[in-house]
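Open your viewer and get ready to select residues by number. We will go stop by stop.

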Amino acid sequence: MSTITTKDGTEIYYKDWGEGPVVTFSHGWPLSSDAWDGQMLFLVQHGFRVVVHDRRGHGRSSQASSGNDMNGYADDLAAVIEALDLHDVSLVGHSTGGGEVARYIGRYGTARVAKAILIAAVPPLMLKTDANPEGLPIDVFDDMREALFKDRSQFYRDLATQFYGANRPGSEVSQGILDQFWLWSMQSGLLNAYLSIKAFSETDFTEDLAKFDVPTLVLHGEDDQIVPVEDSARKSARLIKDARDLYYPGAPHGLTATHQDQVNADLLNFLQS
């Protein structure tokens with residue numbers, strides 16, 4: 001199994017496929033690198049090298065009790081990039097992974113970065129505050145923590161329907177897609193998944209986004225029930241200099257699965273531009 005060991009002794013699992021220009025992927029909560037397989041295989045077939053890791057506490061990485069915040073996540077991404085000595089990297093992040101990408105650029109700059117892609121990403125800030133009145137109230141995230149602690153298996157089953165828009169009339173989301181969400185989620189440690197809710201909901205990425213100085217694509221579904229588009233992508237696109245933004249009408253949070261072909265085509269077009 002391919003792993004690196006970070007400075008605090010955490011083992012981070014990663015995949016490294018193909019040859020060519022490098023694209024890294026940062027996955028959403030509470031999933032694993034497997035959530036990117038549909039994009040990774042596609043890009044390998046089009047001449048790219050793709051690298052993705054399981055976030056600490058998720059998938060096959062070790063369940064560290066520390067570092068379960070955006071700084072820790074960004075440091076782990078940096079550790080993978082440095083261990084593999086990657087340069088001119090296109091960073092792709094979905095949901096919480098989009099926050100990881102933003103914080104990486106905020107902490108490490110873009111010396112190794114060629115482009116950035118934020119897909120259904122949590123920046124700039126999910127939580128409702130005086131400065132962010134359009135955000136979601138803290139009760140939403142407190143309820144998530146309570147449900148996760150009480151019965152995480154059922155919580156993940158319920159969450160999957162919203163994640164992929166399976167609760168919408170006319171939805172064609174397969175049972176397989178819902179089942180794999182549950183499987184990936186159950187691989188995450190309870191402590192890690194619990195702490196990650198605070199990380200993705202309460203971290204303010206405004207200053208990180210201001211440091212983006214590479215071509216950036218912001219992509220989001222307009223029917224995202226997890227990270228509402230108006231308080232995320234539309235704001236991020238204004239905060240990132242010269243960002244290109246794309247919105248999919250009716251698409252859910254898990255659009256990398258439900259709209260895989262469209263996402264892949266738009267990714268390839270941006271990466272080759």
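Which kind of link joins the side chains of Arg-60 and Asp-54? Select both residues. Their side chains meet in a salt bridge, with N and O 3.0 Å apart. Keep in mind that this is a predicted model.

**Stop 1: a charged network**

Stay with this pair. Asp-54 is buried, with a relative accessible area of 0%. Arg-60 is partly exposed, at 30%. Side chains of opposite charge can pair when their charged atoms come close.

**Stop 2: along helix H4**

Select residues 138-163, which make up helix H4. Highlight Arg-145 and Asp-142. They form a salt bridge, and their closest N and O atoms are 2.9 Å apart. How far apart are Arg-145 and Asp-142 along helix H4? They are three residues apart, so about one helical turn separates them. Arg-145 counts as buried, at 11% relative accessibility. Asp-142 counts as partly exposed, at 36%.

**Stop 3: a bridge between loops**

Next, select Arg-168 and Asp-223. Their side chains meet in a salt bridge, 2.8 Å from N to O. Arg-168 sits in the loop between H4 and helix H5 (175-186), and Asp-223 in the loop between S7 and H8, so this pair ties together parts that are 55 residues apart in sequence. Arg-168 is partly exposed, with a relative accessible area of 36%. Asp-223 also counts as partly exposed, at 22%.

**Stop 4: Ile-226**

Move to Ile-226. It lies in the loop between strand S7 (216-221) and helix H8 (233-239). Its relative accessible area is 21%, so Ile-226 is partly exposed. Ile-226 and Tyr-164 are 62 residues apart in sequence, but 9.5 Å apart in space from C-alpha to C-alpha. Beyond its neighbours within four places in sequence, Ile-226 is in contact with Met-126, Leu-136, Leu-159, Gln-162, Phe-163 and His-253.

**Stop 5: a nonpolar patch on the surface**

Select Phe-149, Leu-190, Leu-191, Tyr-194 and Leu-195. They form a nonpolar patch with about 450 Å² of accessible area together. Which helix gives the most to the nonpolar patch? Helix H6 (residues 190-202) does, with four residues. Phe-149 is found in helix H4. Phe-149 counts as exposed, because its relative accessibility is 64%.

**Stop 6: the nonpolar cores**

Hide the surface and look inside. Select Trp-29, Leu-91, Tyr-104, Phe-200 and Phe-212. These residues have the most contacts inside the largest nonpolar core, which has 60 residues. Apart from this core lies another, of 23 residues, among them Met-40, Phe-48, Ala-251 and Leu-267. Go back to Tyr-104. Not counting residues up to four places away in sequence, Tyr-104 touches residues including Ala-74, Ile-81, Leu-91 and Arg-112.

**Stop 7: a buried charge**

Finish at Asp-266, in helix H10 (residues 260-272). Which side chain of opposite charge is nearest to Asp-266, and how far away is it? It is Arg-244, 5.3 Å away. Asp-266 is buried yet has no salt bridge. Show what surrounds it. Leaving out residues up to four places away in sequence, Asp-266 touches Leu-217, Leu-219, Leu-246 and Tyr-248.

Methods: Residues are numbered from 1 along each chain as its sequence is written. This is a predicted model: local features need pLDDT of at least 70, side-chain atom pairs count only at pLDDT 80 or more; totals for chains, interfaces and linings use all residues. Side-chain values use heavy atoms; hydrogens and water are left out. Helices (H or I, at least four residues) and strands (E, at least two) are DSSP runs, numbered from the N terminus. Buried means under 20% relative accessible area, exposed over 50%, partly exposed in between (1.4 Å probe, protein chains only). Lys and Arg count as positive and Asp and Glu as negative; His and the chain ends are not counted. A salt bridge is a side-chain nitrogen of Lys or Arg within 4 Å of a carboxyl oxygen of Asp or Glu. Contact means heavy atoms within 4.5 Å. Patches are made of residues with over 30% relative accessible area and no salt bridge: like charges are joined within 9 Å, nonpolar side chains (Val, Leu, Ile, Met, Phe, Trp, Tyr) within 5 Å. Accessible areas come from the Shrake-Rupley method with a 1.4 Å probe; for residues, only the protein chains shown count as cover. A nonpolar core is a set of buried Ala, Val, Leu, Ile, Met, Phe, Trp, Tyr and Cys residues joined through side-chain atoms within 4.5 Å.
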